[in-house]
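I opened a new page for this structure. My notes follow in the order in which I looked things up.

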Amino acid sequence: MHKHSSIWPWLTMMLLLLVSMIVIGLSVGYSSLGITQLFSTFIGNGKMSDEFILFSVRLPRVVILLLAGMALAVSGSLLQTLTKNDLADPGIIGINAGAGIGITVVYLFARDHFANFAYALPIVGFLSAIATAFLIYLFSYEKSKGIQPFRLVLVGVGFAAALSGLMIMLISSAERSDVAFISSWLAGNVWGADWPFVWALLPWLVILVPFVLYRANSLNILGLSEHTAIGLGASMNKERILLLVIAVALAAAAVSVTGGIGFVGLMAPHIAKSLVGPKHQRFLPVALLIGAILLLIADVIGRSILTTSTIPVGIVVAIIGAPYFLYLLKKQG
Amino acid sequence: MRLKINNIQVGYDDQTIVHDLSIEIPDGKITTIIGANGCGKSTLLKAITRIIPHQAGTVILDGENIQKMNTKVLARELAILPQSPESASGLLVEELVSYGRYPYQKGFGNLSQKDRDMIDWALEATSTAEFRKRPVDALSGGQRQRVWIAMALAQETDIIFLDEPTTYLDMAHQLEVLELLQQLNVKEGRTIVMVLHDLNQAARFSDYIIAMNAGHLIKAGDATEVMTNETLRDVFNIDAVIGEDPRTKKPMCITYNLLKSEERASKKSEVHDMVV
Amino acid sequence: MKYFRKIPLALQLVFMFVVLLIVMFVAISFGAANTTLADVWYAIWHSSDDEKTNLLREIRFPRVLAAVAVGAALAVAGAIMQGVTRNPLADPGLLGLTSGANAALAIGFVLVPNLDYSGAMLACFIGAAIGMAIVYSIGSSSKTGMSPLKLVLAGAAVSMFLQAVADGTGLLFQISKDVSMWTSGGLQGISWSAFVVMPIIIVALISSIIISRQLTILSLNEDVAVGLGQKTFVIKTMMFIIVVLLAGAAVSIVGNLAFIGLMIPHIVRGLVGADYRAIIPMSMIVGGLFMVVVDLIGRTMNAPFETPIVAIVSVLGLPFFLVLVKRGGRFFA
């Protein structure tokens, strides 16, 4: 029934939810801002200190989370379609770990060589994630059968385990202060909550997300069985590699700024598909909004659960997301 | 009759698969359970052999309730070969067959002379002795099935259960397995109980056929009693033409049509009336 | 390989055991301070106050013996898991045990700030048990058993979840470095005090040999095992306890180490076949041997600095995992 009805009610609802989460995200925190206070500060009538909190602390953080949530949701949607596996997620199949290892290495050994660390980071993350993804792809490719979706996921999990081993090694040899940074990066603490990071992340989304939406129809066909898709005239490998690169790019860009956040890429498309059905034209826009909402909720929880410090978003998401994942796994039987 | 099933009910969770079924398994005969996909024939087989528990009723072997029997003791009375068991990679044929001696062993499981003799005999009886040193997964489907049967034989039981022993085998290998079972029955007097898909094979090799539909017993008897147009209509919802196998003189289904849905519906209610 | 399989098992075991002793002997003699084989021989039989003998007896001996114990424990734990789940990719590290131990360790440090050795060990046990129980219960929930893919995915998700708990706790209470010191996967600074866990490992290893025949039967097919008169529930519970004891003890000594439990049993199957009566004792020896060699490489590759063994194991383990995935679960095709 709902699978064929208009998606606009859902989109409107999600949009409203998103806006209210943004407002909550802006007001909750160490020094909370009431709605009226928030509004007056926003239009320029607030106190200096409120202005500082809003424009230099809260707003960039909320915008980063918004963008990252969208990027991860789209990345997860792509990966699920391309691997024909409903349980694929950039965190689980090793892409986060790939970005993480690059960032860790650069942070530990080459930090001083970059004038604009903020802008370099997404690129470093992207490059090492794409290298990881390439290796994963290579090992799950078989000459006679092409890319094996099942194997892709397994190989990804193997890579994730091995890379986290390497990461432990790097951390164990690092200085105490560096360890604090890297382990909080791994936990997904949104360390880059500042405007330069917004500008570093935004272009990736502005370019890639519309492109993915534009390819929605070919994604529908790529999700079918290999032979059916070929029969329908899709040029499988070229299209698939392109979309895979986009999925990696979006995840890596988001994760470079926010730190290791898993499960959003899993949950957002799932919830969206259960609301509006599996057609990409329909669920991608909804998933986009849900991804942003999920991250904002996780952040609000992480910031308000303790008054003394913040629990990283990545941890909150994992603690919510892992049981959801296991529930899905169990349901599939 | 050594093995009696009284008012057995089997199911998973809240779903009942076998309803209140009673049957006796004739000793020293080949008994075959037939029925449509999902009718509960494998479930019945598993319940009789305590692979899965049953919710109500009893399975009695020599006057004893099998659910109360020591499982190792029971394993010396009846062997069960599950449907297409996967083979542990790299296991040698003789190793696999030697596990049939498990119910007779204690501790670390060193083989006695008796154990070795039984293993040799089981390999000979199934003509698998020649590849006893080969890994099981290097064999063909028919050979592998014979090896699993050898394992069941090594268990030294009078009663052997087999769940679809011919699945995934080609026509020749199917016959090979069934003839092996027939030989064991005739020469050794073993009681064989199996699930088969092929009606004509069931008719050709069984002394006793149990026909099931939707978890209920429809008809039990020898091939001529079960292979009738009426019974097959109730069991498979087909309209079958029954003839005689020119070689074995057993009844066989020559051709059949699907029943139209209205005929089927009327039959279903009759089936229901009958069992109620 | 083929010739090795023709030798009787007892001889194979004796042969490998002698190799293990020789390698241990050599490993003890290597290190930052120069010692000769003759010194080692002397130190085995004499306790005297000279510096060399003391160094050997107090630092090298416990280290090499701990390596043997950890390698044996992880290898046997992996072998049992592979047998029970009939899953060639099962490994304590991949299936959530070690991250469970991490999480419990972090919580342990918070609750008891000056956590002593046996306390940390206890925490590792509890954590490993919880991690394994979650994955195991999911893996055994479906009637036909879980496909390797799903079990590995469940393990990955549970690992991420428990790691999030560990990281979050570490960050909140500023004990990341303490936890990562423990879990970075090394044998540095092992002393005889670590040997409080030895009785547990030894008991569990002996039990695993006693139970090995049951494991072979169970590894064939669960229905076959029941048909042969095995009390599968009792056996599986015992296996579960043994695995938790072994993995918990290993993690408490060495920290996170994935892949050993995966690799060793597969290598051993290539040597002795598919019967667990041979696999289990052989895995102990080969696992111990492997760990001693890896630790030796770690100590000498970049001396005087230690190369963390987790890095070496990951580097070796990932390709192994990939080959296994590629060959559909068999290393020696």
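**Notebook: strands, domains, contacts**

I began with a strand pair in chain B: β9 (residues 208-213) and β10(B) run antiparallel and share five bridges. Strands here are DSSP runs of E with at least two residues, helices are runs of H or I with at least four, and both are numbered from the N terminus. I count two strands as paired if DSSP finds at least two bridges between them. I then looked up one bridge: B:M212 has B:L217 in β10(B) as its partner.

I noted that the model is predicted, so local features need pLDDT of at least 70 and side-chain atom pairs count only at pLDDT 80 or more, while totals for chains, interfaces and linings use all residues. Residues are numbered from 1 along each chain as its sequence is written, and chains are lettered from A and ligands numbered from 1 in the order in which they are written.

**The sheet in chain B**

**Two domains in chain B**

I looked up the domain assignment, whose bounds come from an automatic or database source. Domain 1 of chain B covers 3-77 + 157-275, and domain 2 covers 86-156. Their C-alpha centres are 27 Å apart. Twelve residues of domain 1 of chain B contact eleven of domain 2 of chain B; contact means C-beta atoms, placed from the backbone, within 7 Å. On the domain 1 side, α2 (71-75) and α6 (171-188) of chain B each supply at least two residues. The largest share, four residues, comes from α6(B).

**Chain C against chain A**

I turned to the contact between chains C and A, which takes 39 residues from chain C and 42 residues from chain A. Which elements give two or more residues to the chain C side? I found α7 (148-172), α8 (176-183) and α15 (309-326) of chain C. The largest share, 16 residues, is from α7(C).

Last, I checked chain A. I found 14 helices and two strands in chain A. Of its 333 residues, 53% count as buried, meaning 20 or more other C-beta atoms, placed from the backbone, within 10 Å of the residue's own.

Terms used. Two residues are in contact if their C-beta atoms, placed from the backbone, lie within 7 Å. A residue is buried if 20 or more other C-beta atoms lie within 10 Å of its own, exposed if 12 or fewer, and partly exposed in between; C-beta atoms are placed from the backbone.
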